Each structure stands twice: as structure tokens, then as C-alpha cells.
Amino acid sequence: MMMIAAVWISILLLTGGFALDSALKSFVTHSFDEQLGNTLTAMVGSTEIGPDGEIFFNRPLGDQRFMEPNSGLYWQITGKGHEDYPSRSLWDRSLKVTSDHFDNTPHIYDSTQFEGEPLRVMERSIILPGSNTVWRFTVAQRRSELDGQIHRIRTILIESFAVLGLGLLLMAAVQSLYGLSPLRRVRLALQEMRSKGSSRVEAPLPLEVQPLVEELNTLLAHNERQAEEARTHAGNLAHALKTPLAVVTTAASAQAPDLAETVLREAAAMRRQVDHHLARARAVGRRGAGQARAGVWGSAEAVVRAVTRLYEQARFDLDGNHEASVAIERQDLDDLMGNLIENAAKYGGGSVFVTVDAAPGDADFCEIWVEDDGLGIPEAERTRIFDRGARLDTGKPGTGLGLAIVRDVVEIYGGTVELGESEDMGGLLVKMKLPRTQG
């Protein structure tokens with residue numbers, strides 16, 4: 001920021017300095033030329049033609065420098081066929097003038113005809129009354145006075161702009177340091193948080209960085225939540241595997257006759273636990289990957305096509321909002337819909353009805369209903385059925401983890417799932433609420 005400010009300040013000051021220098025130089029030069037013009041006008045007004053046809057002044061010019069030799073201010077009147085009429089200040093020199101053209105208005109130019117003495121020269125051609133001669137009136141002044149004024153102005157400009165530039169750079173530096181001081185305070189707060197083992201930035205900070213601190217604390221809380229969930233999952237998995245492993249170890253040590261059956265049974269139990277925790281871990285990982293988006297209707301159609309191949313005798317109906325979308329990963333949505341629709345086909349009476357966006361007035365959640373025409377689940381059993389391994393119908397194959405995984409994954413994404421009784425079909429009604437995508 002300071003380097004950019006320095007570059008822009010330098011560019012602006014240089015541009016402004018050159019512009020101001022040009023304007024002041026033009027003003028000083030114009031003022032200098034105006035003085036020469038006044039002198040030239042006074043010369044013309046004081047000039048007369050004598051009886052002998054020669055030119056003379058009827059009154060002397062007011063500037064005393066015309067009387068001092070080599071004073072730096074000179075005049076001269078030249079006419080073809082006549083002797084030059086010079087000022088005393090020229091002494092033994094004369095001004096070289098061009099008489100091959102007629103200047104009706106004053107003609108100004110710079111001359112180096114005197115060695116070591118640059119001149120500013122103004123000329124004008126005049127035909128005086130009583131004479132047919134074209135007289136060339138010339139007034140010249142040493143440029144040292146004009147150049148000295150320009151030099152003094154430039155010195156003042158350079159010094160002033162240097163001080164101004166330094167002041168602006170110091171002000172920009174102070175502004176940058178002061179403006180970025182809240183970020184340094186954030187860095188110190190983070191350093192203190194790390195040294196003290198705190199999980200939040202709790203130090204009072206300026207309003208400018210408060211949104212940043214809030215987002216940072218939210219991120220820290222999110223990471224802490226994920227770490228805690230990972231620890232919980234690892235602990236739950238270890239605890240779940242501990243008992244089956246102990247049973248297998250005991251049976252193997254005792255060389256039990258039913259060792260094979262025991263290993264198969266406990267291995268199946270361990271596989272259920274591993275599947276369950278892997279599903280949770282995948283859902284947590286995808287949730288932390290960013291804002292997900294999935295279309296509910298497309299997922300429901302894909303699941304129905306797959307389940308139809310397994311249960312060809314069942315009838316599936318879809319209804320609802322074709323445009324509804326939810327803020328979860330498509331694979332997780334397919335797993336949820338697959339569990340619910342397959343359970344409805346497996347345990348129902350042969351008809352499954354899926355309603356997408358059953359409560360369209362809810363701006364925050366999309367509600368998905370899955371109904372069947374089976375026997376349903378008694379109200380007293382509806383809470384227990386979400387437990388891992390819980391099964392009401394043991395006559396059909398399954399692990400008893402379907403609804404438990406559904407509940408865990410839905411809750412990970414911030415939704416809810418509950419069971420009820422279908423009024424239209426008489427069987428089980430599963431109401432799953434998932435957060436809508438925003439925007």
C-alpha cells in the first residue's frame with residue numbers, strides 16, 4: 001500500500017509540478033515581454049523626423065539603464081539609407097536586425113548575437129509621418145533577469161513539492177500503519193489464543209475486523225465440532241467392536257464347537273458397525289467440503305428405477321415439486337432416499353408413494369414423504385426403530401442399520417426425520433426434512 005501510494009504521489013506531484021512550472025514560466029515570460037512592449041511603445045511615441053530626415057527622440061526614455069554602457073537594456077532604430085540610432089547602453093556595439101520583412105505587430109525572439117549575453121529581443125516596423133522610410137524599432141534586454149526569475153520559481157516549486165511529497169508519504173505511511181493496526185491486533189490475538197490453548201478469539205477488537213473475527217471463530221468452532229465428531233465416531237466404533245472381538249477371542253480360546261457360527265455372527269455385527277460409522281464419516285466429510293446442492297426429484301427417480309428392479313411387483317408413484325433442491329451431496333441424498341424407498345418396498349404391502357416438497361410453504365426446509373400400504377410401526381416402537389440394529393420384522397434379510405444411518409446423516413446436514421402413519425395408504429409414513437439450497 002505504501003509503495004503504491006508513493007508511486008501515485010510521485011506521478012501526481014511530477015505532473016502537477018511540470019504543469020505549474022509551465023504556467024508560471026509562461027506568466028513570467030509574458031510579464032517580461034510586456035515590459036519590453038511598453039518600452040517599444042514609448043520609443044515609437046517619442047520619435048520624430050528632423051529637418052535633415054534623420055530620426056530623434058523629442059523626450060528621453062525614462063529608464064536610466066539606457067544611458068549606462070553594457071547595462072543589459074538596449075534600444076536601436078534602424079532605417080534603410082540612414083545611420084543606426086542606438087541607445088548609449090550599446091556603446092560600441094549594435095543590434096543585428098532583419099529588415100527583409102515588415103512586422104506590423106511586435107516580433108519577439110531570443111538572440112545570442114552578444115557573446116556571453118543572451119538577449120530577449122522585440123522588433124516592430126514603423127512608417128513615421130513625414131517619412132517614406134520603413135524604420136525598424138528594436139528593444140532588447142539581457143535574459144539573465146528572466147532566467148533568474150524562472151530559476152527562483154523552479155527552486156521554490158521543487159522545494160515546496162518535495163516537502164509536500166514527503167508529507168504525503170508520511171501521511172500515507174501513518175494511515176497505512178493505523179489502518180492495518182486492527183489486523184496486527186488480530187494476529188496478536190491468534191498468537192495469544194495459540195499460546196494459551198484457547199479455541200476462540202475473545203479479545204475485544206475494532207469494529208473493522210469484527211466480521212473477520214466472527215467468521216474465524218465460526219471456522220474454529222466448525223473444525224472443533226468436526227474433530228469432536230471424529231473422536232466420538234472413533235470411540236463409538238472402538239466400543240462397538242470391543243464386545244464382538246471379545247466374544248470371538250473367548251470362543252477361540254475355549255475352542256468352542258460353534259466357533260464358526262460365532263465368528264460369522266460377530267463378524268456380521270462388526271460389519272454393521274463399520275458400515276454405520278463409515279456412512280457417518282462420509283457425510284461429515286462432504287458436509288465440510290462446501291455448500292452442496294442436489295435435486296430431490298432426480299434423486300427420487302433414480303432410486304425408484306433401481307429399486308424397481310429388486311421389487312418388480314411393487315408399484316411406485318412420485319408427486320410434488322420437480323425443481324426442489326436441498327443443501328446436501330447428491331450421493332448422500334441417493335443413500336437416504338434409497339434406504340427409505342427400499343424399506344417401504346420391502347416391508348410395505350406393495351405400493352410406495354413418494355411426495356417431494358410436501359410442505360412448499362417452508363422456506364428453510366424441503367419435506368420429503370415416503371408412504372407405504374404395509375402394517376406400519378406402532379407408535380411405541382417408532383423411537384426404538386432408529387437404534388442401531390433394531391428390526392421389527394426379523395423374517396426378512398437386513399442389518400437393522402437403515403433408519404439409524406438415515407437419522408444420523410440427516411442430522412449431520414441439519415435436518416430431521418420422524419415416523420408417522422399414512423392417512424391415505426394406512427402404512428408407515430416417513431417425514432424427512434432437509435435444508436433447502438439458498439439462492
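The legends below describe close-up views of a predicted model. Local features are reported at pLDDT of at least 70 and side-chain atom pairs at pLDDT 80 or more, whereas totals for chains, interfaces and linings use all residues. Residues are numbered from 1 along each chain as its sequence is written, and side-chain values use heavy atoms, with hydrogens and water left out.

**View A. Aromatic pair of Phe57 and Tyr85.** The count of aromatic pairs comes to 4, where rings of Phe, Tyr and Trp (its six-membered ring) pair if their centres lie within 6.5 Å, and planes under 30 degrees apart count as stacked, over 60 as edge-to-face and the rest as tilted. Phe57 and Tyr85 form an edge-to-face pair, with 5.5 Å centre to centre and 65° between the planes. Because Phe57 belongs to strand 2 (residues 55-57) and Tyr85 to strand 4 (residues 85-86), the pair ties together parts that are 28 residues apart in sequence; helices (H or I, at least four residues) and strands (E, at least two) are DSSP runs, numbered from the N terminus. Phe57 is buried at a relative accessible area of 14%, while Tyr85 is partly exposed at 26% (buried, under 20% relative accessible area; exposed, over 50%; partly exposed, in between; 1.4 Å probe, protein chains only). Ring pairs also link Phe57, Trp75 and Tyr85 into a cluster.

**View B. Surroundings of the Phe114 ring.** Tyr74 and Phe114 form an edge-to-face pair, 5.9 Å centre to centre with 80° between the planes. This pair links distant parts of the chain, 40 residues apart: Tyr74 is in strand 3 (residues 73-79), and Phe114 is in the loop between strand 5 (107-111) and strand 6 (119-127). Both Tyr74 and Phe114 are buried. Arg93 lies over the face of Phe114, at 4.1 Å from the ring centre (criterion: NZ of Lys or CZ of Arg within 6 Å of the ring centre and within 35 degrees of the ring normal).

**View C. Side-chain contact of Ser325 and Thr437.** Ser325 is located in strand 10 (residues 325-326) and is buried, with a relative accessible area of 12%. A polar contact of 2.6 Å joins the side chains of Ser325 and Thr437. Such a contact is a pair of N or O atoms within 3.5 Å; within protein, one must be able to donate a hydrogen and the other to accept it, and residues adjacent in sequence count only if both atoms are side-chain atoms.
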